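Visitor: I have some questions about the model on the screen. Could you walk me through it, one topic at a time?

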Amino acid sequence: MRRGLSAFNVTSIALGLAFLYLPIAILVIYSFNASRLVTVWGGWSTRWYVALLHDSAMLDAAWTSLRIAFLSATAATVLGTLAAAALVRAGRFHGRTAFSAMVYAPLVMPEIITGLSLLLLFVALDADRGFWTVTLAHTTVTMCFVTIVVQSRLLSFDTSLEEAAMDLGAPPLRAFLTVTLPLIFPAVAAGWMLAFTLSLDDLVIASFTTGPGATTLPIRIYSEVRLGVKPEINAICTIMIAVVALGVVAAALIGKRTELARVGADGRGG
Amino acid sequence: MARDGTGNETLGGARASFAPWTDPAARPLVRFEAVAKRFGVVPAVDRLSLDIYEGEFFALLGPSGCGKTTLLRLLAGFERPSEGRILLDGQDIADVPPHHRPVNMMFQSYALFPHLTVAGNVAFGLKQEGLPKAEIDARIAEMLALVKLEGFEQRKPHQLSGGQRQRVALARALAKRPRVFLLDEPLAALDRKLREDTRFELTDLQDKLGLTFIIVTHDQEEAMTVADRIGVMSRGQLVQVSTPSELYEQPNSRWVADFIGDVNLIEGRVASTGPQGTEIKGEAGGRLRAAQTVDVPLGTLVWVAVRPEKVSIAAETPSMTTENGFAGTVLDIGYLGGVSIYKVKLDNGLIMKAAVANRTRLVERPIGSGDRVSLSWEPTASVVLTR
């Protein structure tokens with residue numbers, strides 16, 4: 001059999017990757033542009049990164065976004081894991097279909113509708129819109145992604161491990177925390193990463209649910225771009241790309257390592 | 001309790017000194033009282049009653065889907081009975097959750113915790129009891145010595161062979177010193193040779209620890225080798241509960257006779273029965289005799305069960321006895337190494353099997369395919385079955 005790739009494979013992969021990543025590559029390259037004009041190349045420089053350090057509005061927005069992403073991802077991971085456990089373990093309880101539909105609804109719901117309905121809810125509750133309302137909204141929207149990731153791992157999880165833990169004297173909650181959770185941890189971590197990046201990335205829902213004093217990074221960038229693209233924006237976008245890419249690579253590595261250990265364990269079969 | 005210390009005595013349930021089930025005053029350790037378990041409308045266990053005694057090695061034997069594993073899970077607490085009661089030491093344990101039951105289980109998949117070392121696996125149950133660390137360490141060492149896994153403390157389960165994993169699972173469950181130790185198909189994942197060795201290790205272990213073992217298996221040879229008593233299950237019910245030898249020599253139904261080992265079944269009607277035995281007229285012709293007496297009206301349809309190894313085969317002689325004697329033609333000979341199975345088509349149309357031990361190296365068989373032969377057996381070898 002022939003190994004390696006044919007010319008056709010190489011071309012299609014190159015075109016596909018170019019389609020996906022060329023715009024991003026251009027953005028990254030132009031973030032190192034010395035020229036004040038975004039569209040004119042003026043040689044290599046890191047001056048916009050330095051300029052960014054003095055742009056306190058942009059830095060504040062980035063800090064707000066990171067805090068919201070961290071808190072909402074953590075809350076979504078706890079809730080999403082519990083929902084996944086309920087869907088996989090509780091059998092056919094009353095209202096299971098409705099529950100599962102409700103968990104997954106945000107996945108297919110247009111963001112603009114989710115954002116609007118959350119806004120209406122916060123207005124009706126007379127909640128002070130700002131940091132906490134955005135965090136809540138992001139928790140709601142990202143929870144279902146965590147549930148999907150964790151649920152697929154739990155489906156392939158050998159229930160007898162948890163039963164063995166209980167048989168050996170661990171109450172159900174402790175059995176879950178000491179046996180199930182460490183074993184499904186890669187999926188939980190991947191779910192957290194996904195929720196974190198989704199939150200960091202979100203513009204629509206954040207702009208509906210935020211208030212004065214809590215401007216997230218995407219909102220800040222969007223409002224600045226309307227006045228014309230400044231080179232600093234390229235720089236901050238490059239930093240965001242780096243953060244997200246690091247997160248995704250880390251999640252993939254964790255997942256791969258544990259998967260290898262698991263396959264190794266199964267592959268040895270007795 | 002009178003226990004025989006010699007390992008050999010325990011094999012095949014032939015511990016003459018150990019038979020608490022024959023003592024009406026003995027109190028069972030585990031009692032199932034008309035226990036039923038239904039999943040939806042399908043009964044997995046159907047109003048089953050069973051007593052198991054302290055120190056007993058009990059085997060639940062049956063084809064897959066007969067409810068034997070469900071029975072084990074009911075005792076471990078993973079399932080709740082739909083009906084009936086389960087008593088442990090005379091106490092109803094319906095409301096005791098699995099983590100409070102003095103019962104431990106070895107799972108078919110072993111269910112070792114892959115993220116913990118061998119020592120961590122064995123220690124898991126002990127930590128739940130809140131034992132001091134020194135005692136846990138001592139218990140781990142003791143258990144690993146018991147299952148001959150010293151020096152494997154720091155290995156992870158995926159670094160062990162199938163046999164070693166099985167022994168870690170044993171050590172982990174036994175470390176808790178359970179009142180009842182449950183084994184769900186403990187040897188199913190091992191290869192044949194290892195399985196045979198492990199059977200002897202299991203009986204040895206049970207003897208050493210004096211614990212009550214309940215094993216679930218679909219392998220009759222396994223059940224016969226390890227157990228004091230066997231409960232044969234079919235469709236959620238116990239068909240027969242007796243010692244391995246009784247089960248083999250005195251099955252109570254055609255189903256059990258056929259399920260345990262190989263058997264020839266001949267249909268007939270009772271012609272006479274009394275202290276001198278029972279005479280049966282074969283439906284396909286011939287006369288059969290059994291040494292036992294049966295309590296059924298004359299003319300009742302019964303089946304005579306004869307194990308193939310109790311049937312003698314010889315070249316046809318004209319002066320053969322007519323009772324328990326049939327002439328026929330050899331159809332087929334199955335050579336199994338230790339024994340040869342002769343499949344014989346009788347002149348009355350029935351097909352019977354005779355098993356003959358190959359006591360000498362047969363270069364040339366005295367009886368070959370297509371030869372005329374006569375089959376016969378002793379009246380004591382016949383078992384009359386009424387259902």
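**Domains, interfaces and rings**

Guide: Between domain 1 of chain B and domain 2 of chain B there is a count of 1 salt bridge. Please keep in mind that this is a predicted model.

Visitor: Happy to. Which side chains meet in a salt bridge with a distance of 3.1 Å, N to O?

Guide: A salt bridge needs a Lys or Arg nitrogen within 4 Å of a carboxyl oxygen of Asp or Glu. With 3.1 Å from N to O, the pair that meets here is Lys310(B) and Glu249(B).

Visitor: Where are the bounds of the two domains of chain B?

Guide: The centres of domain 1 of chain B and domain 2 of chain B, taken over C-alpha atoms, are 34 Å apart. As for the bounds, domain 1 is made of 7-102 + 178-254, and domain 2 runs over 262-385.

Visitor: Which three residues supply 70% of the area that domain 1 of chain B buries against domain 2 of chain B?

Guide: In contact are 8 residues of domain 1 of chain B and 8 residues of domain 2 of chain B. The area buried between these two domains is about 730 Å², with 53% of it from carbon and sulfur atoms. On the domain 1 side, 70% comes from three residues, more than from any other three: Tyr248(B), Glu249(B) and Arg254(B).

Visitor: And which charged residue sits over the ring of Tyr248(B)?

Guide: A charge counts as over a ring if it is within 6 Å of the ring centre and within 35 degrees of the ring normal. The charged end over Tyr248(B) lies 4.0 Å from the ring centre, and it belongs to Arg307(B).

Visitor: What lies over the face of Phe113(B)?

Guide: Here the distance from the ring centre is 4.6 Å, and the residue over the face of Phe113(B) is Arg172(B). For such a charge, the cut-off on distance is 6 Å.

Visitor: Let's turn to the chains. How much area do chain B and chain A bury between them?

Guide: The contact involves 29 residues of chain B and 24 residues of chain A. Carbon and sulfur atoms carry 59% of the buried area, whose total is about 2,100 Å².

Visitor: Which side chain meets Arg73(B) in a salt bridge?

Guide: The rule finds 1 salt bridge across the interface of chain B and chain A. The side chain that meets Arg73(B), at 2.7 Å from N to O, is that of Glu163(A).

Visitor: How many residues of helix α1 of chain B are buried?

Guide: Buried residues in α1(B) include Lys68(B), Arg73(B) and Ala76(B). After the helix comes Gly77(B), with a positive phi near 100°. For the helix, residues 68-76, the count of buried residues is 8 of 9.

Visitor: Is Glu185(B) buried or exposed?

Guide: Glu185(B) is in the loop between β7 (180-184) and α5 (192-209) of chain B. Leaving out residues up to four places away in sequence, Glu185(B) touches Lys68(B), Gln108(B), Val216(B), Thr217(B) and His218(B). Its relative accessibility is 8%, and the cut-off for buried is under 20%. Glu185(B) therefore counts as buried.

Visitor: What is the relative accessible area of Val302(B)?

Guide: Val302(B) is in strand β14 (residues 301-306) of chain B. Beyond its neighbours within four places in sequence, its contacts include Ile266(B), Val270(B), Ile280(B) and Val384(B). Val302(B) is buried, with a relative accessible area of 0%.

Visitor: On to the aromatic rings. Why is the pair of Phe32(A) and Trp44(A) tilted?

Guide: The search of the whole structure finds 13 aromatic pairs over all chains. In this one the ring centres are 6.3 Å apart and the planes are at 50°. Planes under 30 degrees apart would be stacked and those over 60 edge-to-face, so the rest are tilted. That makes the pair of Phe32(A) and Trp44(A) tilted.

Conventions. Residues numbered from 1 in each chain as written. Chains lettered and ligands numbered in written order. Predicted model: local features only at pLDDT ≥ 70, side-chain atom pairs only at ≥ 80, totals over all residues. Heavy atoms only, no water. Phe/Tyr/Trp six-rings, centres within 6.5 Å; stacked < 30°, edge-to-face > 60°. Buried < 20%, exposed > 50% of the residue type's maximum accessible area, 1.4 Å probe, protein only. Helix = DSSP H or I, 4+ residues; strand = E, 2+ residues; numbered from the N terminus. Domains from an automatic or database assignment. Contact = heavy atoms within 4.5 Å. Buried area = accessible area lost by both parts, 1.4 Å probe.
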